[in-house]
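Here are my notes on the model, as promised. Have it open while you go through the points.

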Amino acid sequence: MAPRANWKGFLRLSLVTCPVALYPATSDTEKVSFNQINRKTGHRIKYLKVDAETGDEVTSEDIVKGYKVDTDTYIEVTKDELDDIALDSTHTIEIDEFVPKADIDNRYLIRPYYLVPDGKVGHDAYAVIRETIRSMDKVAIGRVVLTNREHIIALEPLENGLMGTLLRYPYEVRSEKEYFDDIQDVKLTRDMLDLAKHIVEKKSGAFEPELFEDHYETALIDLINKKRSGMPITAKAAPKTGGNVISLMDALKKSIANEKDAAPAAKVARDTAKETAKDTKAKKPKKRVEGQREMLLPISGKGGKEAAARAATTPKKAADKPVRAAARAKKAG
């Protein structure tokens, strides 16, 4: 099932306008997540919103936003007051300027979105804006309001669509001088740099994200599967240390020696991963993207039998739908 749009409105370049929808380009829903439970009962922990002074539970209709100005003093701001100052561009991404992509500092990048035409109309205008940006080899800078707060968004062509990346404001980016001023100015020898470059050359390759593996996620899945199957859990042995290094030059030389020993095994692993990635691409795409969580074993025991019984009596349309807690839409801002 396609994700829900985070925002719907219009994309405007001067007098050229088209309806568009904004979808998140990334997702964390496939990662293994945990709930907090009571160790004694096994029941899930429930959180209540309570008054910090009285300890009484507070209902949603009695909760408002407040800006803290002193220890016990808050300026109350209501939803209506926030709606009154909402910007006029709430439902329009207005393109203000075009800049070279190289001019955008990576520290200003927040998160990517896919911007697609909304509905059957407006595809021509969408294509005009997309191809104009592509032909100029620049990034379009616009403004979009998400959850009552205005964001800067950078638009660039991605295949036959547009990718929009939210940008930070200058006050959100810390100056590097606060951290780098105390770094010593070290003079390096030519031999040290040559050895380091040799290591880099041995490790150089193409950017292939499909070969990345989330080792911690894999270990989590393995742990859950073992516990679910009743297998004993053994503590991992402490990693071996390489010993004390006498000098930086010795460390560089030792690194090159280690790289030579590890190169054949690493090459086999990369080649195997590439072949697996090719086989995956060659297969017919499934209706939904399979994630790491699909590696989890089916639930066994009483809960598993109950789930199986429910599945047997569930209509096919409902059974095809993956049983998964609905992920909350991630709000920008």
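1. Start with R130 and E131: their side chains meet in a salt bridge, 2.7 Å from N to O. Keep in mind that this is a predicted model. R130 has 14% relative accessibility, so it counts as buried, whereas E131, at 33%, counts as partly exposed.

2. E131 has another partner, R134, with the closest N and O atoms of that salt bridge 3.1 Å apart. R134 and E131 are three residues apart in helix α2, about one turn of the helix. At 36% relative accessibility, R134 is partly exposed.

3. Now the helix itself. Which residues of α2 are buried? A125, Y126, I129, R130 and I133 are. They cover an arc of only 135° around the axis, so they sit on the same side of α2. D124 and S135, on the other side of the helix, are exposed. Just after α2 comes D137, which takes a positive phi of about 55°.

4. The structure holds eleven salt bridges. One of them joins D96 and R143, with the closest N and O atoms 2.7 Å apart. That pair links distant parts of the chain: D96 belongs to strand β5 (residues 92-99) and R143 to strand β7 (residues 139-146), 47 residues apart. D96 is partly exposed, with a relative accessible area of 44%, and R143 is partly exposed too, with 25%. E150 joins in as well: D96, R143 and E150 are linked in a network of salt bridges.

5. How many aromatic pairs are there? The count comes to two. The rings of Y169 and Y171 have centres 5.9 Å apart and planes at 5°, so this pair is stacked. F207 and F212 have ring centres 5.6 Å apart and planes at 70°, so theirs is an edge-to-face pair. As for accessibility, Y169 is partly exposed at 24%, while Y171 is exposed at 65%. F207 is exposed, with a relative accessible area of 67%, and F212 is exposed with 57%.

6. V186, L188, L193 and L248 make a nonpolar patch of about 360 Å². L193 lies in helix α4 (residues 190-203) and, at 37% relative accessibility, counts as partly exposed.

Technical notes
Residues numbered from 1 in each chain as written. Predicted model: local features only at pLDDT ≥ 70, side-chain atom pairs only at ≥ 80, totals over all residues. Heavy atoms only, no water. Buried < 20%, exposed > 50% of the residue type's maximum accessible area, 1.4 Å probe, protein only. Helix = DSSP H or I, 4+ residues; strand = E, 2+ residues; numbered from the N terminus. Arc of directions from axis to C-beta. Patch = residues over 30% accessible without salt bridge, like charges linked within 9 Å, V, L, I, M, F, W, Y side chains within 5 Å. Areas by Shrake-Rupley, 256 points an atom, 1.4 Å probe, with all protein chains shown as cover. Salt bridge = Lys/Arg side-chain N within 4 Å of Asp/Glu carboxyl O. Phe/Tyr/Trp six-rings, centres within 6.5 Å; stacked < 30°, edge-to-face > 60°.
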